[in-house]
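The exercises below concern charged pairs and nonpolar packing.

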Amino acid sequence: VVVHNLLPVDICLQVKGSDTISIKAGKRAALHAISTGRGVTLSVLAENFHRSEEAIVPLANEVVVRLCLWDPDNRELWLFAKTRLHGKALTVYILCQFWLVNKTGLPLIFRQDGSTTAAAGQGTEHEMARSMVPFLFSYSNPDLHKKCALRHGVSPGLKGKPLWSPEFPLTTSEGGLVRAHVAKGHGKPDTVYEIGYATRRGSGLYRHTMIVTFAARFL
């Protein structure tokens, strides 16, 4: 069994019947002397995600299995394990549907539209400063719209209350413009950050991931 990490972050992989191993971002690891039987039972941990469900990945070609991770606030991130079978050799690709790349220079917080909480994996450090690596995002609540919203982080020196932006789709190839307001109150006008975003599909092994890049238009 070969496991290929198609995420922009390192992971810790636990395969039932084998030791826990670390796989760097974009790298793969071969697992020997494990019984595949009817499939492979595995779980994945990553930075800011301390718990994972066990997923059973079948010994079959072109099968996609959902894999749920939880952060310390019990918020869910859904990853996918996709299989490729060559004879009896099984390759499992670990991937995420969306990478959110923040090039605005601003701390941005994301959520699924309609959710009462920010998306999984975001903590104090995300409120304070721009994330330097792509952020893993999924639509974790099937009962809510499959759209995204963002706001400015609650960073030191910020004068006002960050407000959630209107919803916007992540899958549109044309991209768009989203406005993030910081309300100052006391009759003062909001500070408005205009943020452009563009979506593209990854290439090669990453073709199942949508990469959404955010860049500031005006401050």
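**Exercise 1.** Are Arg75 and Asp71 buried or exposed?

*Solution.* A word on the basis comes first: this is a predicted model, in which local features need pLDDT of at least 70 and side-chain atom pairs count only at pLDDT 80 or more, while totals for chains, interfaces and linings use all residues. Residues are numbered from 1 along each chain as its sequence is written, and side-chain values use heavy atoms, with hydrogens and water left out. Buried means under 20% relative accessible area, exposed over 50%, and partly exposed in between, with a 1.4 Å probe and protein chains only. By this criterion Arg75 is buried, and Asp71 is buried as well. Next, their side chains form a salt bridge at 2.7 Å, N to O, the term being used for a side-chain nitrogen of Lys or Arg within 4 Å of a carboxyl oxygen of Asp or Glu. Finally, a network of salt bridges links Asp71, Asp73 and Arg75.

**Exercise 2.** Determine which parts of the chain are tied together by the salt bridge between Glu127 and Arg151.

*Solution.* Start with the pair itself, whose side chains meet at 2.7 Å, N to O. Glu127 belongs to helix H1 (residues 124-128) and Arg151 to strand S14 (residues 148-152), so the bridge ties together parts that are 24 residues apart in sequence; helices (H or I, at least four residues) and strands (E, at least two) are DSSP runs, numbered from the N terminus. Glu127 counts as buried at 17% relative accessibility, and Arg151 counts as buried at 11%.

**Exercise 3.** Describe the salt bridge between Asp10 and Lys24 and the exposure of each partner.

*Solution.* The two side chains meet at 3.5 Å, N to O. Asp10 lies in the loop between strand S1 (2-5) and S2, whereas Lys24 lies in the loop between strand S3 (21-23) and strand S4 (28-30), so the pair ties together parts 14 residues apart in sequence. Asp10 is partly exposed at 37% relative accessibility, and Lys24 is exposed at 52%.

**Exercise 4.** Identify the members of the largest nonpolar core that touch the most other members.

*Solution.* A nonpolar core is a set of buried Ala, Val, Leu, Ile, Met, Phe, Trp, Tyr and Cys residues joined through side-chain atoms within 4.5 Å.
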